[in-house]
Amino acid sequence: MLNFDDLKLSVEALSGGKNTVIFDDLGMPSIMVAIPKMYASELIDGANKTVHPAFVVDNVEQPVVYISKYINITANDRAYSLPFKDPRTSINFDQAVAACRKKGAGWGLTPFALWGAIALWCKKNGTMPHGNNNWGSDIDYPHEKGIPTAYESASASSHAGEPTRTATGSGPASWYHDNTMSGIADLNGNVWEWNSGMRLNNGEIQVIPYANCMRSSCDMSAAGTEWKAILPTGAFADGGATGTLKFDYTTKIILSTTKTTEKAAGLPFESLTAASSVNVPQLLKELALYPADASGYKNDYFYVDNAGECLPIRGGNWGHGTNAGVFYCDLYGSRGNAGGSIGFRSAFYKL
């Protein structure tokens, strides 16, 4: 593997084993953060002690999984996690999935469930990360800056010439998920990130159960048969079944078992409520699709469009200010969305 073995030893030594280097099937390196198996009760007060769904693939528990330390770049249409790079953007959902899977067995686009587990971990541990959410700096801590890799065009009236994207991992320790340089970088702002294994389909919440989306054979196409809806009991059901959970709009977004209005709208995540007749299953809280308690989400925003198929991008971008963060979720774009503010990161499971 050329001289990359020395890189692996150095990364592991400097991070105390929290980071490692994983090689794809061409022997090319990505710097990854090891995430040990978590239980719901460790993340959510009052939850059952069940393994968080991010750590289960095809009914097999994963003792540890790996997520890219950095928003990915691409080389030869493959995804790589490397520091001080301009994040790859202008990539749609299917292209992001392909760039991850092309690396070989065990590689895939970060599961929505894994992002949810990490967000809950940050909240539980009091390390909600800062980031590039205000044109190269953090809106609440403007002295915190990353190294610019792109700038707003001259045609933009209010922010012309200001930094947009920043180099991966170039911010301070507070921009990492555990507030140390051994954590996951840039989960708050910089660029939106595609997640896999979850979508809205005409308002109905659908998932690829657990982290089964990491299986290379998993079909996440619009017509894929592995998509499942969720009942208020937390059980899975076929899409379109009676009584499945949906996002509806009355005077604001609510969790419901019916859809009466088609509307694109947003609100702070912690303001999300459920219809009085609807039980909120633990699963939705585990996925960070519904607040686990009443506060502490730092105004991170939650957007939905309950018409058509909408796939998630998370974290916010450089211009989202206080709305950006680990609980930010945007569910009103199609799988074909691509632009200079949408990127992705890969994960690795030893399947």
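Two strands count as paired here if DSSP finds at least two bridges between them. With that in hand, let's walk through this predicted model, beginning with the strands and then moving on to a helix, the cysteines and a few loop residues.

**The sheet around S2**

Strand S2 and strand S5 (residues 64-68) are joined by five bridges and run antiparallel. If you want a residue pair to look at, take methionine 32, whose bridge partner in S5 is serine 68.

Strand S1 (residues 19-23) also runs antiparallel to S2, again with five bridges joining them. Here you can pick out two facing pairs: asparagine 19 stands opposite valine 33 in S2, and phenylalanine 23 stands opposite proline 29 in S2. S1 and S2 form a hairpin with five residues between the strands, and in it glycine 27 takes a positive phi near 80 degrees.

Now zoom out a bit. These strands belong to an open sheet of five, in the order S1-S2-S5-S22-S8, with antiparallel pairing. S1 and S8 are the edge strands, each pairing on one side only. From one strand to the next, the twist averages 40 degrees.

How enclosed is strand S2 by the rest of the structure? Largely, because six of the eight residues in S2 (residues 29-36) are buried. Buried here means under 20% relative accessible area.

**Helices on the sheet**

Helix H1 (residues 4-14) lies across S1 and S2, and runs at about 155 degrees to S1. H3 packs on the sheet too, where it touches S8 and S22, and its direction makes about 165 degrees with that of S8.

Which residues of helix H3 (residues 93-101) are buried? They are Phe93, Ala96, Val97, Ala99 and Cys100. Those residues sit on the same side of H3, because they cover an arc of only 165 degrees around the axis. As for what covers them, the list includes strands S6 (73-75), S7 (78-80), S8 (107-109), S9 (192-194), S19 (309-314) and S22 (346-348).

The N-terminal end of H3 has a cap as well. It comes from asparagine 92, which has a side-chain oxygen 3.2 Å from the backbone nitrogen of aspartate 94.

**Cysteines**

If you're wondering about disulfides, the structure holds zero of them. Cysteine 122 is in no disulfide, and the nearest cysteine sulfur, that of cysteine 329, is 16 Å away. Cysteine 329 is in no disulfide either; for this residue the nearest cysteine sulfur belongs to cysteine 310, at 11 Å. For comparison, a disulfide would need the two sulfur atoms within 2.5 Å.

Are these two cysteines buried or exposed? Cysteine 122 has a relative accessible area of 0%, so it is buried. Cysteine 329 also counts as buried, because its relative accessibility is 0%.

**Loop residues with a positive phi**

Most residues other than glycine have a negative phi.

| Residue | Phi | Loop | Relative accessibility |
|---|---|---|---|
| Tryptophan 135 | about 60 degrees | between helix H4 (112-125) and S9 | 15% |
| Alanine 288 | about 60 degrees | between helix H5 (282-286) and strand S18 (301-305) | 1% |

Neither residue is a glycine. Tryptophan 135 counts as buried because its relative accessibility is 15%, and alanine 288 is buried at 1%.

**Asparagine 317**

With a relative accessible area of 8%, asparagine 317 is buried.

What does the side chain of asparagine 317 make a polar contact with? The partner is the side chain of histidine 320, at 2.9 Å. A polar atom of the asparagine 317 side chain also lies 2.9 Å from the backbone nitrogen of glycine 319.

Leaving aside residues up to four places away in sequence, asparagine 317 touches Asn132, Asn133, Gly189, Asn190, Val191, Trp192, Ala324 and Ser341.

Methods
Residues numbered from 1 in each chain as written. Predicted model: local features only at pLDDT ≥ 70, side-chain atom pairs only at ≥ 80, totals over all residues. Heavy atoms only, no water. Buried < 20%, exposed > 50% of the residue type's maximum accessible area, 1.4 Å probe, protein only. Helix = DSSP H or I, 4+ residues; strand = E, 2+ residues; numbered from the N terminus. Arc of directions from axis to C-beta. Contact = heavy atoms within 4.5 Å. Polar contact = N/O pair within 3.5 Å; in protein donor to acceptor, adjacent residues only side chain to side chain. Axes fitted to C-alpha atoms, helices over the stretch in contact; angles between N-to-C directions.
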